[in-house]
Each structure stands twice: as C-alpha cells, then as structure tokens.
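The following questions and answers examine how particular terms apply to one protein chain. Please keep the sequence and the structure in view while reading.

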Amino acid sequence: MAIWNRKSYGSSEGNPQIQNEEYGKADYSSADQPTGDYHSTPEAASTRLHRGLKARHITMIAIGGAIGTGLIIGTGAALARAGPASILISYALVGFIVYLVMCGLGEMAAWLPLGSGFAGYAARFVDPALGFALGYTYWFKYIIVTPNQLTAAALVIQYWCPPDRINPGVFIAVFLVVIIAINYFGVRYFGEFEFWLSSIKVIVICAVILLSLILALGGGPNHDRTGFRYYHNPGAFKPYIETGSAGKFLGFWSSMITAVFAYLGTELVGVTVGEAQNPRKTIPRAIKLTFWRIMIFYVLSVFLLGMIVPYNSPELAFANKQGSKASASPFVVAISLAGIKALPGILNGCILLFVFSAANSDLYIASRTIYGLASQGKAPRILAHTDARGVPIFSLGLSALFCLLAFMNVSSSSKVVFGYFVNLVTIFGLLTWISILVTHIFFVKARKAQGISDDAMPYTAPLGIYGSYVALFFCCLIAVTKNFNVFTKGDYGNFDYKNFITGYLGIPLYLAMILGYKYWHNTKRIRPEMADMYGGKAEIDREEEEFLAQQAMMQKNKKAGWFYRTFVGWLF
C-alpha cells in the first residue's frame with residue numbers, strides 16, 4: 001500500500017468527479033472526461049511499483065543525477081572551445097531556464113503526484129498525443145545517456161590505462177553488469193545505494209569548489225595566485241569558427257549546448273514521484289532548493305574553473321587531440337597545474353564514482369519511463385509487469401539492451417562517441433523541457449478556468465505562466481540552433497552530416513510521434529475547462545492519511561537520516 005504524509009490539497013474524497021465546493025470543480029460526466037493515459041484505479045499487484053523512496057532518497061537522487069558527466073567532464077570541452085567567460089554566462093543563463101522548468105514541473109507534481117510522470121501530465125492537460133511523444137522522447141534520452149555515462153567511464157579510466165593497453169570495452173562490461181544488478185535488487189536497495197553515492201558526490205564537489213578557490217588565491221604548492229590571469233591571457237572569450245566578435249559569440253553559443261547537457265537530469269524528480277513517499281512535501285522542497293544547487297554546484301564551480309585552467313591547456317583531453325593520457329576532467333587538470341602530487345589520481349577516482357552513480361540512476365529512470373508507457377497501453381503490456389519486489393524486470397531488461405551502444409568505443413575514439421551521444425541526449429532533453437513547459441502552461445490555464453486559486457495549491461511556480469513562456473522561447477531557440485557548426489567546414493567537408501544527424505534527429509522523430517498518434521487515435525487538444533484536475537486524488541488523500549497514522553511508528557534508518565540532516569541536508 002502506498003503511504004506518505006497527510007496534507008490534502010483539493011481533496012476529492014470518494015468520487016473524484018463530485019463537485020468540490022472549495023475549489024469550484026465542475027461536474028464531469030463520463031463523456032466529458034478527457035482521453036487520458038493515467039490510472040485512477042488501483043493497479044494490479046503484478047504491475048504496481050513500490051513506494052520505497054524516502055525524502056532523503058528523492059533529494060539526493062535529484063542532485064546526484066544532475067552532478068554527472070556534463071559538469072565534471074563536459075565543462076572541459078566547453079572551456080577548450082569557448083573560454084572561461086563564455087561558459088560562466090552560458091551556465092548561469094541555462095541554469096535560470098532549468099529553474100523555470102523545475103518550478104513548472106513542481107507545481108504539477110505537488111498538486112497531483114502521477115506515477116506516469118511527465119507523460120501523464122502532458123496527456124492529462126494538453127493532448128494524449130503529446131503525452132505519447134514525451135514519454136518516448138524521455139525514454140530515448142535515457143537509453144542514450146546511460147551508454148553515454150559508460151563511455152565517459154571509459155574516458156576517465158584512460159587517465160591510468162590508455163586504450164592501447166586495455167580495450168575500454170572491458171571496463172564498460174564491468175560497469176554495465178554492476179548497474180544492472182543494482183537496479184534488479186529493487187527500489188529500496190537502489191534508493192539507499194544511490195543515496196550514499198550521491199552524498200559522496202556532493203561532499204567531493206564541495207571539496208573541489210573549496211580547493212579551486214584556494215588554488216585561485218595562491219594556496220597551492222606552487223603558490224601561484226592566478227586570479228583572473230587567464231581572463232587576460234589567453235583570454236575570457238575564445239573565438240570559434242570565425243574571428244573577432246562574431247567568433248567569440250559563436251563560441252559562447254556553442255557553450256550553451258554543453259551547459260544544457262550538464263543540466264540534463266535535474267528534472268528526473270518528476271519521474272520518481274511514482275515511488276516517492278510524501279511526494280507533496282518532498283517534491284516542492286526539492287524544486288525550491290534547485291536554485292541554490294544551480295548557484296553552488298554549477299555557476300560557482302564553472303566560475304572558479306575559469307580562474308585556474310586556461311582554455312588552451314595541453315592537458316585538457318578535448319584541447320589536445322593527441323594526448324591519450326590527458327585528463328578528461330578540467331578539475332583534474334587544475335590540480336595537476338598547481339603541482340599537487342597524488343591528488344589528481346584520487347580526484348579522478350572520485351569522478352569515476354560520479355559517472356558510475358549517474359549511469360546507475362539513468363538506467364533506473366529509463367526502466368521506469370518505459371514501464372509508465374506500458375502501464376498506459378502505449379508500449380507492450382509485458383513491460384508493465386513487476387516482480388514481487390516491485391521491479392519492472394522486462395522494462396529494465398529492454399532498457400539495459402541499449403547500453404550495449406557503449407561498446408562503440410571498441411572501434412571508435414571515446415571522445416568522438418562521447419560527442420555523438422551528447423548531441424542525441426541534448427536534443428531529447430531539450431524536447432523534454434519544451435514539453436514540460438507547454439504542459440505547465442496548459443495546467444495553469446486549466447486550474448484558472450476551473451477556479452483553483454494559488455492559495456489552494458501546495459506549491460506554485462514563482463514566476464507563474466510567464467516564466468514558462470520565457471523558458472519555452474529559449475529552449476526552442478537553442479534546439480533549433482544547437483548544431484550550427486555542422487554547416488561550416490570541418491572534418492567532413494562543408495557539411496558535417498554525422499553531427500547534423502545526431503544533433504537534429506530528435507526533432508522530426510518527436511513531431512512524427514505527435515502527428516502520427518493524433519492521426520491514428522484522432523485525439524483532440526484538451527480544453528482548460530475540461531481538463532481533469534481531480535481524477536485519482538481521492539486515493540492519494542487516503543494514502544496520506546495512512547502515512548500520518550503510521551509515521552510515529554516508522555523510525556527506520558535513523559543513522560542515515562541523522563547523517564543526512566547533519567552533514568548533507570543543509571546544502572539542499
């Protein structure tokens with residue numbers, strides 16, 4: 001039985017279609033119900049997920065999924081291509097966009113925690129066709145990003161072991177077996193394992209930020225106070241493709257793509273609501289603290305990185321194409337430049353742990369996403385089957401098959417494959433953000449049309465519908481222009497068809513799924529006054545009551561909770 005804390009918002013105890021006098025909910029006849037892809041009735045035991053993720057699990061999974069290859073490794077590519085000022089501005093701007101996306105998602109998730117995640121909200125408030133396209137787009141993203149993390153692991157290991165000594169496929173196989181095993185053992189073990197891994201991530205990244213500040217102020221063994229030296233020489237902005245101001249702007253815009261890739265994953269709390277205890281409390285809390293996480297873990301770390309590593313450093317793997325022993329992470333480069341012995345290897349080991357944790361959580365999200373689609377009848381029904389521990393084993397197996405794409409490293413350079421995966425993941429991620437923002441806009445219009453005031457909501461986006469409009473504009477702009485460099489002269493002539501395909505494949509696929517589903521099922525856009533704002537809330541309200549009754553008796557994992565509150569929780 002799903003249970004969590006009691007705090008009822010817009011309760012519809014009994015029949016969810018009954019008139020709710022407090023919020024002005026109009027009666028719906030069965031004919032008035034919009035075509036949905038959600039369950040308002042209890043699922044069969046063989047297709048039910050278990051709510052085994054506690055508040056601390058949700059919080060740490062949210063930040064752990066965001067601290068991955070994009071921040072730790074991707075910043076090296078951006079710095080080498082665009083310069084320190086460009087990446088600082090781009091990470092701050094994209095961070096603001098991400099915050100707006102998360103606020104919109106948090107408003108919907110706090111009102112009605114759906115196990116079907118983003119796709120459920122899109123089908124419920126916009127159009128079932130959008131729910132279908134969003135569900136598969138998100139799944140595509142995660143079946144690509146998981147082998148991308150395994151590719152990053154192979155890239156990090158090259159610090160100690162070049163590919164000409166041991167084939168990277170060996171390490172990829174080991175990591176793949178381990179993450180499949182962790183996901184198979186059940187959500188409770190997954191949550192606990194990911195909690196501790198993510199806690200280590202947070203502690204390490206905080207230590208790296210502090211060390212970066214110390215090095216910038218001359219506290220390293222060489223006592224070299226770099227300050228803003230690298231902003232003057234070699235420069236704050238590196239020209240890209242063109243020279244002069246135009247080249248500097250193109251460098252900045254190219255770093256926007258890397259910034260988007262770095263932030264992908266922050267929205268995954270929208271998927272975990274189906275297995276979260278007390279989602280109406282934990283989800284808004286995770287969203288509210290996203291702003292500070294962005295400022296501390298992304299903007300501050302990128303700002304300090306630009307002070308201690310020049311963009312033309314030969315030790316950057318992406319800046320030195322010939323150096324197979326060069327570090328994949330710019331933070332390791334910074335420590336090496338400062339002359340600190342042994343620590344670069346230790347930090348590289350921590351980064352390897354980062355990548356492993358990210359791959360672990362990404363496979364979890366991939367399996368739960370296709371499970372959600374199957375439970376809505378939009379994927380083979382067998383994928384909705386769960387075992388006695390609540391693990392969707394067939395969804396997990398199917399998602400794990402796509403991890404075999406990581407073995408492309410056997411025949412190609414890890415850096416090249418990493419770039420292709422970044423292209424694919426970024427466009428799928430942008431389309432996900434676009435869909436979430438569109439859904440939030442429709443959601444706000446629906447609750448306004450049905451007389452649900454801001455005071456009745458457990459959480460509302462600070463900038464409201466206008467913030468979503470602003471974020472939607474920039475997401476669309478970045479999606480269309482993200483691979484502008486393919487039209488310039490490069491390794492494949494005047495048109496880089498490989499990066500063009502991987503960079504824009506997601507857009508026609510996304511549109512084809514929407515139009516194809518609308519044509520096949522003849523779906524209609526859901527009008528605001530007809531959107532189902534209450535279906536399924538009665539069961540949620542009852543489960544909240546049960547949690548309140550049992551909360552005093554459920555005092556498990558006291559040590560982990562104490563550690564989290566004392567040493568880690570204050571960061572969030």
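Q: In which helix is the place of P234?
A: In this predicted model, P234 has its place in helix α9, which covers residues 229–235. The peptide bond that leads from N233 to P234 is cis, and its omega is near 15°.

Q: Why is I241 called partly exposed?
A: The relative accessible area of I241 is 38%. Buried means under 20% and exposed means over 50%, with partly exposed in between; I241 is therefore partly exposed. This residue belongs to the loop between α9 and α10 (244–263).

Q: What makes N522 count as exposed?
A: N522 has a relative accessibility of 55%. The term exposed requires a value over 50%, so N522 counts as exposed. N522 is located in the loop between α20 (506–521) and α21 (537–551). Although N522 is not a glycine, its phi is positive, at about 55°.

Q: How many helices and strands does the chain have?
A: The chain has 22 helices and zero strands.

Q: What percentage of the 572 residues in the chain is buried?
A: Buried residues, those under 20% relative accessible area, make up 61% of the 572 residues.

Terms used: Residues numbered from 1 in each chain as written. Predicted model: local features only at pLDDT ≥ 70, side-chain atom pairs only at ≥ 80, totals over all residues. Heavy atoms only, no water. Helix = DSSP H or I, 4+ residues; strand = E, 2+ residues; numbered from the N terminus. Buried < 20%, exposed > 50% of the residue type's maximum accessible area, 1.4 Å probe, protein only.
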